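Please look through the sequence and the model shown here, and then read the short report that follows.

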Amino acid sequence: MDLNARITQHFHASIDTKAEASQVLPPQIAFASQMMVETLLNEGKILACGNGGSAGDSQHFSSEMLNRFERERPSLPAMALTTDTSTLTSIANDYSFNEVFSKQIRALGQPGDILLAISTSGNSGNVIQAIQAAHEREMRVVALTGKEGGDMAALLTPDDCEIRVPSQVTARIQEVHLLVIHCLCDLIDEQLFGGA
Ligand SMILES: O=C(CO)[C@@H](O)[C@H](O)[C@H](O)[C@H](O)COP(=O)(O)O
Ligand SMILES: [Zn+2]
């Protein structure tokens, strides 16, 4: 096996997926950033969730909001629902893993807040229940998905925003999700603080 060739293949596949995504995703990413800016200007917050690599993406996003992205600016309110192991294990143990995010949203979500729901398949049960809980709390949803959007896509309303990466490969979708998150951080900073 030629390891270098295999690595080059991964790089090229990632570049191709990003190039394809750059043709179709900018309007949705811009819209999602405007939704988030509106929420932040109205004293709302952004809750984020996902599984595995997407749990990491949720935390990546919330840390860039709470701390900073590329410029000096005030902290912005966001929270990953993937980090409190006592809460996650007790909900999973006493109820079900499908409820680990939704129960937190029912406690923390306020009307006008945003849920950033991340799933490459769109079919993770706990992210689906998170969207249902967010709607009950009158929150809007920004969904980062891939493949065919899964059951998540069908749950979204016209007030929500789906950013669906045009790929069937989980790793490639995740790589674009991270780029989308960085675009969102940059666009939020630009719209709120301008001039960089
Ligand atoms: O990072 C990876 C694969 O690249 C995995 O940890 C992956 O995130 C997990 O299998 C997730 O459970 C997949 O969930 P989803 O993206 O389908 O919602
Ligand atoms: Zn991964």
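## Glu 162 and its partners

A polar contact of 2.9 Å links the side chain of Glu 162 with that of Arg 164, where a polar contact is a pair of N or O atoms within 3.5 Å; within protein, one must be able to donate a hydrogen and the other to accept it, and residues adjacent in sequence count only if both atoms are side-chain atoms. The side chain of Glu 162 also makes a polar contact, of 2.6 Å, with the side chain of Thr 145.

Glu 162 belongs to strand β5, residues 161-164 (strands are DSSP runs of E, at least two residues, numbered from the N terminus). Apart from neighbours within four places in sequence, the residues in contact with Glu 162 include Gln 28, Ala 143 and Leu 156, contact meaning heavy atoms within 4.5 Å.

## How the model is described

This is a predicted model, in which local features need pLDDT of at least 70 and side-chain atom pairs count only at pLDDT 80 or more, whereas totals for chains, interfaces and linings use all residues. Residues are numbered from 1 along each chain as its sequence is written, and side-chain values use heavy atoms, with hydrogens and water left out.

## Around ligand 1

The residues surrounding ligand 1 (those with a heavy atom within 4 Å of it) include Asn 51, Thr 120 and Thr 170. An oxygen atom of ligand 1 lies 2.6 Å from an N or O atom in the side chain of Ser 119, and the corresponding distance is 2.6 Å for the side chain of Ser 124 and 2.8 Å for that of Gln 174.

Methods: Chains are lettered from A and ligands numbered from 1 in the order in which they are written. Helices (H or I, at least four residues) and strands (E, at least two) are DSSP runs, numbered from the N terminus.
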